[in-house]
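Student: Please take me through this structure slowly, one question at a time.

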Amino acid sequence: MRLDQSLLKSSCTAENHYVASPSTSWSPEESPWYRAPLHQAAIFNPLVKALSWGEYQGFPSNVPGIPAGSGTWGCMWADFGPESQASLQETGSPRFYDFLSERGPNLVAPEMRAIEGPTTPAELVGLAADAETGPEIVVWALGLGPSARVVSASLGPEGGAPVVLRVATSEDHWHGVTYIPAGEAIFVPVQKLSPITRYEGTVVWESEAGVLSTQHFGFRTSIALAPRRVHLGLRRVGDSSVEVTAPDVLVGRPLDFEFWRLRYRCFAEAFRPCEPTAVGSKHREVIKIRARRFRLHLPFGTSSSIMVRVEVKDFVAGGYRYDPSGAAFTFSKR
């Protein structure tokens, strides 16, 4: 595929574009359509020979179901080349392609919530348009004729049971409009996949002449994108100790333990509350969490008001990113 800016148009509208996005952000790992599988399928279609890219102010629309947009939009147009129609004819030697992820086959996100319009693959197969699913994988079969169709499909972890799967094809319409061409299909795992796991997929295609062909592909999932939130508990025990409670996943992690003296400054006006200010230096320790429930001693006892805070830094374990919430409270001794 090559870049051909001669394909650009003078304006980008709902009636006149190949793919469009209200985002114009590109990175080495992501395009403006990284959460838009129908748009990714259009961009990475193996029949596309060239693409153009331009940025436009506004996105006018007179198309029902496609709202107009303001601000800067990124738009692309495509050239399929004169041989694209010939590639759809049945040849007896099918060619298979797949699109797994913009980051490559070993960094496929285990979950997906498509953000695109006017529809999504999840909606085409009967789920909510913004349903959280597994990664939505695009596959193509060329050389099977313009009426090639999917007979069966499966996806599962290497050596494991298949996942619950739906497949969007050219037979799935949105208000009478087909967004998936013949010879293309999009896998929609109904549930999120496991992180850091090898998966294998199979598609059985039937050609226009009724001949069956099998396509195989595989990928490895990355860590989960959405962080898991876990919580620390903190309560006072007696006059000089606090008790910390932590879920199992935090046992063995380093804990930041801070405390410092407070002095309260009060005012003559009755409506103004007293304000705490720190006295002296802050005491900080890093200790290892060894149990789900344990106590920490405060060395200066009841002689002062004390602010106590505990925290665990973000970390990754078992393919998931964890975002622990800290805890804090004050020993009020005024």
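Student: How much space lies in the second largest pocket?

Tutor: This is a predicted model, in which local features need pLDDT of at least 70, side-chain atom pairs need 80 or more, and totals for chains, interfaces and linings use all residues. Residues are numbered from 1 along each chain, and side-chain values use heavy atoms, without hydrogens and water. A pocket is an open set of points on a 1 Å grid where a 1.4 Å probe fits, with protein on both sides within 12 Å along at least five of seven lines. Counted as the space filled by probe spheres on the points, the second largest pocket holds about 460 Å³.

Student: What is the volume of the largest pocket?

Tutor: The lining of the largest pocket divides into 27 nonpolar, 13 polar and 4 charged residues. The volume of the largest pocket is about 960 Å³. Of its 44 lining residues, the closest to the centre are Val-19, Leu-38, His-39, Glu-116 and Gly-117, around a volume of about 960 Å³.

Student: Is Glu-243 buried or exposed?

Tutor: The side chain of Glu-243 makes a polar contact of 3.2 Å with that of Arg-293. Because its relative accessibility is 8%, and buried means under 20%, Glu-243 counts as buried.

How values were computed. 1 Å grid on protein atoms, 1.4 Å probe; cavity = no way out; pocket = protein on both sides within 12 Å on 5 of 7 lines; lining within 4 Å. Nonpolar A, V, L, I, M, F, W, Y, C, P; charged D, E, K, R; others polar. Buried < 20%, exposed > 50% of the residue type's maximum accessible area, 1.4 Å probe, protein only. Polar contact = N/O pair within 3.5 Å; in protein donor to acceptor, adjacent residues only side chain to side chain.
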